[in-house]
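Good morning, colleagues. Please turn to the model on the screen while I go through its strands and its nonpolar cores.

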Amino acid sequence: MTISLPSAATSDEALRAHCEMHLPGDPGYDAARTAWNLAVDPRPAAVAVPRSEQEVAAVVAAAASAGRRVLAMATGHGLTAYAGRDLSDTVLVRLSELRDVTVHPSMGVARAQGGAQWTDVITKAAPHGFTAPHGSAPDVGVAGYLLGGGLSFYGRRHGVAANAVRAVTVALASGVLLRCSRTDHPELFWAVRGGGAPGIVVAVEIGLLAYAEIYAGMLLWDRRHADEVLGAWLAWTRRAPESVTTSLRVMSFPPLPELPPFLSGREVVVIDGAVLAGADEGSEVLAALRALRPEIDTFATMAPSGLLGVHMDPPVPTPCASAHAVLGPLGPSAAQTFLSAFRPGLMFAELRQLGGAFARSEDDGGIVSSIRGDYALYACAVTPGDEAFAAGLALTQSVADAMAPWAVPGLAPTFTDRPVTPEDLYGADDAADLATIRRRYDPTGVFGF
């Protein structure tokens, strides 16, 4: 479908003809440009807030006609890589009003608009007996997460979340809304599943997962038990069935009254995740970890929607900095290095369990259809203010640097918050193919970040 423009846009003011628009100095500009990660302070030429897929296409075409670049934002979880970027020539398209989700139970598929969050999908899918390979927080954007690969707590059985994508609809700079799938524009469909879109993603069609219940929750110990817990968990992950996907985090919390008492002012070790099984099998799988006598144990049979809360991600926008690496097998020396690298100022350092279906590429998958390695490392620091952000970047990177001897090639895009080269993400050959496809669909580099 092509959107006809009344005339070529020649100024940012002309963009107002196509959808709600906020320019610098407008009362709503600051609120509209605010990302979830408050450490990022984007200052674009304009912020567009379309309310339909057609409005997205119209404003994208108008911005391209005006010689502007275009950047999409659903929730702003993934904008950290743009910290400090000059966006004065850029129209930021905020998709927060496009959150419609339609579930087709007979096909086991949901269609989610480009601004939908995981809570929208799970809420709509649950009454039909379905869930989806969502992230660890309910307010993460569906499209950005899926098309960045996605490491879900279903992943060791079902693979990276991008493999669940059935089709993607993209608004191109020409004003065309283009639907790509395995049969329609397959080269673009390959590229967007992990490589970003040469346009604005206005909808994603997702293959759902049929689970009526799962066994999920968390185990928590005081930090003084970290050596024993980490060693036991590493040994356990080497023999754990593919039905289970977990993470281990060392976490530090300030003494804040809004935190629950079991976290406020404490350093703790937390193992959380899911076992895709009933209570008996789940208890058997976790027996070796429960033998360590956790202080808190919330693992239980629950509806799949309950999994959105077990990771305890911050419930409100938060300024933060992070670092990431993919690691191979970890032994006692690596465990000691990981714990020693956790220093004051970090909120948490995490090891996400990989392997299983995460490591198996789909024959007709996208540019990211697997993540090779045993663990995904992610370190995070809360960073209120520019100086704190710079310090947080250095602090989190120090964790990744300490674990560099165990790093393997490749990265998980949804864990990657810093600018990296396509070669680092995809390898030289796939990066070259991706660049060719992007030039084909975005020849003038409107979406060339």
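I shall begin with the basis of the model, then take the sheet, the hairpin and the cores.

This is a predicted model, in which local features need pLDDT of at least 70 and side-chain atom pairs count only at pLDDT 80 or more, while totals for chains, interfaces and linings use all residues. Residues are numbered from 1 along each chain as its sequence is written, and side-chain values use heavy atoms, with hydrogens and water left out.

First, the sheet. Four strands form an open, mixed sheet in the order S1-S2-S4-S3. Strands here are DSSP E runs of at least two residues, and helices are H or I runs of at least four, each numbered from the N terminus; two strands pair if DSSP finds at least two bridges between them. At the edges lie S1 (20–22) and S3 (69–73), each pairing on one side only. Strands S2 (residues 46–49) and S4 (residues 90–94) run parallel, joined by three bridges, with Ala46 opposite Val91.

Next, the hairpin. S5 (residues 101–104) and S6 (residues 109–113) pair in the antiparallel sense over four bridges; Val103 has Ala110 as its bridge partner. Four residues separate these strands, and Gly108 takes a positive phi near 65°.

Finally, the cores: sets of buried Ala, Val, Leu, Ile, Met, Phe, Trp, Tyr and Cys residues joined through side-chain atoms within 4.5 Å. The largest has 69 residues, of which Trp118, Leu146, Leu151 and Val168 touch the most other members. Helix H6 (residues 186–195) gives the most to this core, with five residues.

Terms used:
Buried means under 20% relative accessible area, exposed over 50%, partly exposed in between (1.4 Å probe, protein chains only).
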